[in-house]
Structures are given as structure tokens and as C-alpha cells.
Amino acid sequence: MTTTTPPAPPVRSTPAPPKTASSAARDALSGRWASAAAIVIAILWTLPTFGLLVSSFRPEAEVKSNGWWNVVTDPQFTLDSYRQVITGADVDLATYLINSVVITIPAVLIPISLAVMASYAFAWIPFRGRDTLFVAVFALQIVPIQVTMIPLLRLYVDPPFNLMPLAGNDAPGGGFYTVWISHTIFALPLAIFLLHNFMREIPGELIESARVDGAGHVQIFSKIMLPLMTPAIAAFGIFQFLWVWNDLLVALVFAGGNPSVSPLTVRLAALAGQRGEDWHLLSAGAFVSLVVPLIVFLSLQRYFVRGLLAGSVKG
Amino acid sequence: MTSTDKLIQMAIAVALFFAVTGAILLLTTRLRSRSGERVQAAAFIAPSLLLIAIGLLYPALRTIYQSFFGSSYEPLVGADGANFVGLDNYRRIFTSEDLLQVLQNTAIWVVLTPILATGFGLIYAVLVDRTRFEKFAKALIFLPMAISLVGASIIWKFVYDYKASEQGQLGVLNGLLKAVGLDTYRFLLTEPWNTFFLIVIIVWVQAGFAMTILSAAIKAIPDDIVEAAKLDGVNGLKLFRYITVPSIRPSLIVVLTTISITTLKVFDIVRTATGGQFGTSVLAYEFYVQSFRSFDFGLGAALATLIFILVLPIVVYNIRQMRRLEAR
């Protein structure tokens, strides 16, 4: 802790004041002020979401004519807006919800599996040039995804060596492959780096003794590593889930505005642009897209914090 | 394609993937020798490496190359490569009035967002530390992190909603303005302040991140330091200023730099809230517009490269700080 030595507080020279009634009162006061400030911040942070949530349950005419705070004096609630955004033909979020699910599941499973394998090799199989290679992978984290988009899109549309194009009208898998592969690529450097760090924490004796007992790398990997790595995998998994589910840029570029492949975020962004005054639709639509990540987030919060503290912030 | 078709396609993709990786594992199980180990390492690493090389390394180099050429994607038009423009794309960024405004907005975003988000996160983390409702209180600030930036922008557009003063107000802020007898205000349309109201959205999202990291750092301050300071009569604000902040300095730097990196690349908020109009565009959004709306691939590539150049020093500094944090 070389950089963190605190400078001596200037009051140190004076003797500690005895605990008097006045100092106790001051403590209590500052405690009360502190609580008040915390409550104010908490309200500021919650109120915007709360307002939209309330609006999503109000009748259309009410949402469009007066503020949501009027529910206090005139409570009217309905599920009409939800019915309209989910199944109504003009908004049809149900289709996009399916798209989001279809995009997200492979885009979480595939990069994690690839990264677990690669990070195992980087951590526990010695070979020449290993460290250089690892640093190179790590360094590629810094590439902003914007820098890669156009050439990558070109590769999908018009691949070299007469390979099958992954984008276009008769693309395999209806065009989902470009989105899956892109999310996988963008996740890999960070995933490998994080999982490698977790794997290095596992004691080497464990691996050594397993090797002495005649276990190969594949057995060690599947029988020892995977079970031990479950919390780390969960930590990265929830991050990847939130990135993919909440992503707009990758979906816009690689799904190319094709409605049969676009996720909820794309539809919602379009809705905000085209029907900016239809707050009953926007509010309900926003909450349809929020429900899934909120559930995942709240139920796996423990792992999420763990991942944050380990450095899961995408470059 | 029907929904069932899509789900089937997804199942096929996942099954295909696991079949391939399963085969790699099975085929390399029997290898025990030294050279066998090398084959195993290659089999474990090659898929990831291949994807990274094709999907990150090549495109990044290609984009940097592209930024020296004109608007079409194929850089070499004709035999003489007449499309080469040298540094013209970059010159345009730094001379065109619209793009200078974009640069200025980006600078405001990158300076204000980390400071405000970290400030709120730190104050809140200190305020709720070791209180009875700590877990619940933190969850409230934390939640916006689970929300997409599109969702966050919609939530705030509703807060900022504008109606003429004599009409009924839908947005909370204009409702408040009207309640105290003031005229309503076009939060997202009035330059130059609309940029600040967009920044509020990202601060709202990022404060939870700052709070989480800083709260963990605060809890890691050794009790005896705090106790000793308290015995010396250091309390309240002084304790915060002279003990808490210096003790968590490395974490503070990591949080500040991480948020500024994130901010440089944010494009969802501008796109959803204003569509880049009314003088609110930023670099990451302008990249998208030039590349995918105007199809000016040269300028788009130059904008992307500029983001890269701006991010680079912050990332290097950020990583060095993180190393230092871990080494403790």
C-alpha cells in the first residue's frame, strides 16, 4: 500500500476531546443529515423508473393527458398497454422478445465455453510462447468494437475463398449467426483474461497430484477445473448476459435492421423515434424489455458484484 | 421464420458448437506425451485465437488503413489507387464545424460523466456504509446497471417530457417547474444545456458501478486506522477527507478511468434520446451515422480510429492502476 498512506490529519496535535453531550449531539445530527442525504439520492435514482412503471399501468387517455403522479388522487390501472405492446400487431414485442432470447443464449454459452478452454491452456499447459500469446489476447481488449465493425461486416457479407456468406437473404440460421459470432468475438479477450486470473488462483499442487495419478489435461479440465470454476463462470456469465441482452450497436449493425433477427432493444429504440408521444406504449415496452435482465440481475447479484470487483468491465 | 423455427435454429447452433468442442476434448484425451501436450494446448486455444485474429485484429488494422482513403469501401479505385486521401479524413474531423461540435460534446461527456458518477457513487457508498438498510439502499442505486441504455433513455425522456406551460404536464421536471409557477422547459432541445441532460442519463447508470467498487474499497480500510483517527477526534467530513479518500485512492482512479472509457463509446443514449440532433452528437454516434447512414467509410473509419486513439492512453493507465490494486 505504498500510494495510500493517508496524510496526517491536522487535528492530530490537539488532544482527543472528551465525549461530551455536545459532540454526541453533533454526531447524531450529522447522522441525521447523512440519512437525509442518502434518502434524497435514493429517491432521485428511483423516481424516474417508478414514474414510467406507474405509467405503464395507467389507461392510455390518462397517460397522455396528465402526469403519473396523479394516480395518488385518481388511481386507475389497466393492463391494456401491455396487451397492446406484446401481442398488438403494430408493436409486436413478443416476436422481438423471442429474438432477444435466441440471440442471447448462444451468445453467452459459446464465448464462455471457448474462453474456459483457452484460459485453462493459458494457465496450466506449458508451451513455448504462451505468455506472449496471452499478453497479445489481453491487449486486444482495448480495441473498441466500433473499430472492427465495417471490415467484420464485409467478411460476413462477402467472405474470401468462396466461403458461404453469413449475412444476406439466404443466410444460414436466418441471419442469427452474424450476431452470435460477433458477440462471441467481442467477449473473448475479456473472458479469457478474467477466467485465466481465476484459474491461476487454484493451487498448483491440486493439478500436480492429479497428473501424478495419471489424469490427462482433459480429465483435469472437466473433473477438477470446471466444478471449481463455477462461481467465476457464473460471474462472467451474468455480465455477458446483460451486455448481449441490453446491446443495441451490435444488433443494429450485424442484424442489419432485419426485423426477424432484431432484438427488443432495436424495436424499442425505433419505437422511441417513431412514436415518441405514445407514452403508454413506450412505458409498457420498456418494462417488457427490463423484466428479464432485472430478474437475472437480482437473483445473481452476488456473482455480479464478484465479477465487477474482478474487473468485468468491457473495454 | 416463425418463433419455433428460430428456437430450433438456436438449438442447432448450440448443439453444433458443443459437438465440436466435445470432439476436440475427446480426441485429445489420450495425449499424454510432451508433444501431445502441445497439441492439446493448440486444440484448447486455437478456436478462440482464430476468432480473435479474424474478428478483432484484422478488422482493426483494416479500419486504420481505411481511414486514409475516400468514402468507398474498396480503397483502391482503378490501377493508380486514386482513392488515397492521406490525412484528409482527420483534417475534416478537426475543421468541419459540425464535427468540431461533436468533439466538444465528447470532451464534455468524458470529463463530466466520470466525475459526477464517481462523486455520487462515493458519497452514497459512505452514507449508507454500515447502516441498517445498506443492502436495500445499495440495490436501489445498483438497479439501473441492469437496464439497457435504450431503456434508460426512454425512462429519462419521460422525465424530461415537454408540453407547453398551459397544458397538463407528463414529465416530472416540467411538472415541478409548472407547480412553482415557472415556464416549462425543452430539456432535450435547448442547446447547449441538452448535452448536460443527456449526461445525467449515463451518470444515473454508472453511479451504481462506482458505488459498488468504492463501497468494497471502503470496507477494506483497516479498522485500526479508522479507530485511531476517531480517537484523535477526527470525525464526519474530516474523516472522509483525510482517511477515507486517501485510503481508497487506487480504487477511485480505476473507477474514474473505467467510466471515462465506457463513456467514450456510448452511442445508445444519443441515438435514442435525440437522434444526434440539436447539437448533441458524440464521437461514437457520429461514427455510426457516417458509416451506416452516409456510407462515408473513410470518415467513419477515421472517427473509429480516433475513438481508439483517445481510449488507448486511458486504458493503459487503467490497467496499470488495476495491477497496482491487485498487487496489494
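Residues 96–121 of chain A are 100% helix and 0% strand, and their end C-alpha atoms lie 38 Å apart. This stretch belongs to a predicted model. It is one of the spans that an unreviewed UniProt entry annotates as "transmembrane region" in chain A. The others in that record are 33–54, 133–157, 177–199, 220–242 and 281–300. Residues 177–199 are likewise 100% helix and 0% strand. Their end C-alpha atoms are 30 Å apart.

**Confidence**

The model scores ipTM 0.85 and pTM 0.85. For chain B the mean pLDDT is 85. In that chain, 95% of the residues reach 70 or more. Where pLDDT is low, the predicted coordinates should not be read in detail.

**Chain A overall**

Chain A has 13 helices and 0 strands. Of its 315 residues, 45% are buried. Take the contacts in chain A with a separation of 6 or more: 71% of them link residues 24 or more positions apart.

An unreviewed UniProt entry places "domain: ABC transmembrane type-1" at residues 103–318 of chain B. Over those residues the chain is 72% helix and 0% strand. The end C-alpha atoms of that stretch are 23 Å apart.

**Where the chains meet**

Now turn to the contact between the chains. Here 101 residues of chain B are in contact with 96 residues of chain A. Which helix of chain B gives the largest share of its side? Helix α2 (residues 34–66) of chain B does, with 18 residues. The chain B side has 63 nonpolar, 25 polar and 13 charged residues.

**A covered helix**

Helix α11 (residues 264–274) of chain A is mostly covered. Of its 11 residues, 8 are buried. Among them are Leu264(A), Val266(A), Arg267(A) and Leu271(A). What do the buried residues of α11(A) pack against? In chain A they pack against α4 (93–124), α9 (217–246), α10 (249–254) and α12 (279–299). In chain B they pack against α6 (149–159) and α12 (268–273).

**The nonpolar core**

The largest nonpolar core has 185 residues. Which of its members touch the most others? They are Tyr120(A), Ala191(A), Leu195(A), Ala210(B), Leu214(B) and Ile307(B). The largest share of this core, 19 residues, comes from α4(A).

Most residues other than glycine have a negative phi, and most peptide bonds are trans.

A cis peptide bond joins Glu191(B) and Pro192(B), with omega about -5°. Pro192(B) is found in the loop between α7 (172–179) and α8 (194–219) of chain B.

Phe278(B) has a phi near 55°, a positive value in a residue other than glycine. Phe278(B) sits in the loop between α12 and α13 (283–292) of chain B. Phe278(B) counts as partly exposed because it has 15 C-beta neighbours inside 10 Å.

Phe295(B) is not a glycine either, yet its phi is positive, about 50°. Phe295(B) lies in the loop between α13 and α14 (297–327) of chain B. Is Phe295(B) buried or exposed? With 12 other C-beta atoms within 10 Å, Phe295(B) is exposed.

Terms used. Residues numbered from 1 in each chain as written. Chains lettered and ligands numbered in written order. Predicted model: local features only at pLDDT ≥ 70, side-chain atom pairs only at ≥ 80, totals over all residues. pLDDT = per-residue confidence, 0-100. Contact = placed C-beta atoms within 7 Å. Helix = DSSP H or I, 4+ residues; strand = E, 2+ residues; numbered from the N terminus. Nonpolar A, V, L, I, M, F, W, Y, C, P; charged D, E, K, R; others polar. Buried ≥ 20, exposed ≤ 12 C-beta atoms within 10 Å, placed from the backbone. UniProt positions renumbered as here; feature names shortened; annotations may be inferred. Core = buried A, V, L, I, M, F, W, Y, C linked by C-beta atoms within 7 Å.
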